[in-house]
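Please look through the two chains shown below before reading on.

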Amino acid sequence: MTKHQTTASNSLVSKQLARSQFFFLSMSSCNNQTNQTVSPTVICKSYLNVLECRIIEATGLDRQFAPALAVHGPSILPHPHDEQEVTSEPSFLDNVFWMAAPKKRRTIEINRTRRRDPSFMLKVKTNIEPCVECGHLKQKHILCGFCYEKIRKETALIRGQIKAMEGRPLNTPAQETLVLYDSESPWESDKDKRIVERNRKRPSWFSIY
Amino acid sequence: MLFAFGKTQKLPCIHTSAALDVNKNWDRKNLHMFPPQQPDEARRPAEVHHCRRQIKYSKDKMWYLANMIRGMTIDEAIAQLEFNDKKGAKIMKEVLLEAQEMAVRNHNVEYKSNLYVAESFSNKGKYLKRIRYHGRGMFGIMDKVHCHYFVKLVEGLPPKAEQKTGFDQAKNYVEQLKSRTIIHAL
């Protein structure tokens, strides 16, 4: 039995039940003549209704069975404690029927035209130029990688010396730092600065000023 | 000759490993010797074939890079690959530099910049298979993709792609239409 048939039969049965209930009301109201809502046509039909009701009781159609759903879907049905689940959001399994799914396999031609679209193809960069200092390639708006690396190495060595001078972390004095290379001496204006000595010639890129 | 016959048959062999049934044709192209040229013949440009096998990268992603550098001079190609953010770009740059070095050392190329990328393509390497766990006890087989990359460098300037104008194409089309005849006519 499909869902529609059960609902129809349920509605039919419920209608019968309603009519039978109405019959009982009418029968009870016959004794009290104050009830004026009962119409004569209903009272005439009530005897036929009684017969109908008896037939329905005998056949057992008045009893509402649980609807036997023949539905194309997942084999796992919801658990018997439905009353709790009705109030909650519909689970993934209920919504699986109307989820979007591809109808046909995308052919390799269609896939290729999408993947080889100019938006996906790599763009040739026009902003590459050689670095003036070292001759390696660099991008116009970015520092030269080679030069940066060589400065980074020297800086790491200076930082290592500072670390050795300080001893422990968070021990930086409230002073400026001055880095001096071989055969260099501090100026008079550099009196208050702490000096870091490096045992090598001053690199060309590290200017004094 | 016997060697060639032996190769075409599948001989019963205990020691079958993945390494034995790999195609090494690209590497063998470097060993091909041309006969000496005649004095009036145009000078044959030097060629270098180089490849890298089983790169841990996708062949589809590698294709974009291979397509970009096809037809470029080697310096241009190396520059583009250096500033590309893709993983395959770094590997491809190494391959190009190796090929350039090989060309100068072994293949009688005078100037290392006088090379261009004649052929560059990628294809599928041997995949490793792993299990990818899904929900509800389902599983999928995950492929650990690998690819090969092949490049051929040729000495000289890259050939210019012919720029066909609209007028030229239209003219060709009209000529094609005019040259239609009825076949098997009397």
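S58(B) caps the N-terminal end of α3(B), where one of its side-chain oxygens lies 3.2 Å from the backbone nitrogen of D60(B). This is a predicted model, in which local features need pLDDT of at least 70 and side-chain atom pairs count only at pLDDT 80 or more, while totals for chains, interfaces and linings use all residues. Residues are numbered from 1 along each chain as its sequence is written, chains are lettered from A and ligands numbered from 1 in the order in which they are written, and side-chain values use heavy atoms, with hydrogens and water left out.

- Helix α3 of chain B covers residues 59–69; helices here are DSSP runs of H or I with at least four residues, strands are runs of E with at least two, and both are numbered from the N terminus.
- The buried residues of this helix are M62(B), W63(B), Y64(B), L65(B), A66(B), M68(B) and I69(B), where buried means under 20% relative accessible area, exposed means over 50%, and partly exposed lies in between (1.4 Å probe, protein chains only).
- These buried residues pack against α5 (108–115) of chain A, together with β1, α4, α5, β2 and β5 of chain B.
- Just after α3(B), G71(B) takes a positive phi of about 90 degrees.
- S120(B), in strand β2 of chain B, counts as buried because its relative accessibility is 1%, and its side chain reaches the backbone oxygen of A66(B) at 2.8 Å.

**The interface of chain A and chain B**

- The contact (heavy atoms within 4.5 Å) takes 14 residues from chain A and 13 residues from chain B.
- Between them the chains bury about 1200 Å², 65% of it on carbon and sulfur atoms; buried area is the accessible area (1.4 Å probe) that two parts lose on being put together, summed over both.
- In chain A, L122(A), K125(A) and L137(A) lose the most area to chain B, together 42% of what that side buries.
- Across this interface the rule finds zero salt bridges, a salt bridge being a side-chain nitrogen of Lys or Arg within 4 Å of a carboxyl oxygen of Asp or Glu.

**Cysteines**

- The structure holds zero disulfides over all chains, a disulfide being a pair of cysteine sulfur atoms within 2.5 Å.
- C131(A) counts as buried because its relative accessibility is 8%, and C144(A) counts as buried because its value is 5%.

**Salt bridges within the chains**

- A search of the whole structure finds 18 salt bridges over all chains.
- R152(A) forms one with E149(A), the closest N and O atoms being 2.8 Å apart, and both residues lie in helix α6 of chain A, three residues apart, which is about one turn of the helix.
- E149(A), R152(A) and K153(A) are linked in a network of salt bridges.
- The side chains of E184(A) and R202(A) also meet in a salt bridge (2.8 Å, N to O), and this pair links distant parts of the chain, 18 residues apart.
- R52(B) forms a salt bridge with E94(B), with the closest N and O atoms 3.1 Å apart, and this pair joins strand β1 to helix α5 of chain B across 42 residues.

Key:
Polar contact = N/O pair within 3.5 Å; in protein donor to acceptor, adjacent residues only side chain to side chain.
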